[in-house]
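Reader: I am new to this structure. Please take a close look at a single part of the surface, and say how that part sits in the whole.

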Amino acid sequence: MIEYQDQDILNGVLQANVHYISPKYNFMPEYRTILKPNYIWMLDKLPYTKSEIDSLRSDAIIYNYCDKRKAWMYSCTHDGFYLYLKYQLLTYWVGVVILIYMI
């Protein structure tokens with residue numbers, strides 16, 4: 001089954017020809033959760049060190065809104081939600097609200 005169409009297809013085609021870049025260029029919400037005591041075991045499943053993940057508190061450059069809740073949705077709980085709003089205020093779409101709710 002293909003759950004994440006673009007990612008799954010790329011992973012299948014590229015297989016062993018993958019190079020991981022710093023997580024600061026692909027920050028995902030799970031990275032901050034992983035540093036909490038109950039989730040620290042998840043670090044073993046990542047190709048990054050604890051210090052790399054920890055540095056994302058101030059070093060993240062590209063935020064990946066990879067959850068079902070996107071930054072433009074009221075239900076978003078992503079750390080980058082307010083960052084999205086900050087930059088939306090600088091665009092043509094200032095004040096535009098997309099009313100999508102996820103349960």
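Author: **A nonpolar patch and its setting**

The protein has five helices and zero strands; helices (H or I, at least four residues) and strands (E, at least two) are DSSP runs, numbered from the N terminus. The model is predicted: local features need pLDDT of at least 70, side-chain atom pairs count only at pLDDT 80 or more, and totals for chains, interfaces and linings use all residues. Residues are numbered from 1 along each chain as its sequence is written, and side-chain values use heavy atoms, leaving out hydrogens and water.

The C-alpha trace spans about 45 × 35 × 25 Å along its principal axes. Of the 103 residues, 20% are buried, where buried means under 20% relative accessible area, exposed over 50%, and partly exposed in between (1.4 Å probe, protein chains only). The protein exposes about 8200 Å², and carbon and sulfur atoms supply 59% of that area; accessible areas come from the Shrake-Rupley method with a 1.4 Å probe, and for residues only the protein chains shown count as cover.

On this surface, Ile2, Ile9, Leu10, Val13, Leu14, Val18 and Tyr20 make a nonpolar patch of about 700 Å². One of the patch residues, Val13, lies in helix H1, residues 5-14. Val13 counts as exposed because its relative accessibility is 65%.

Methods. Patch = residues over 30% accessible without salt bridge, like charges linked within 9 Å, V, L, I, M, F, W, Y side chains within 5 Å. Salt bridge = Lys/Arg side-chain N within 4 Å of Asp/Glu carboxyl O.
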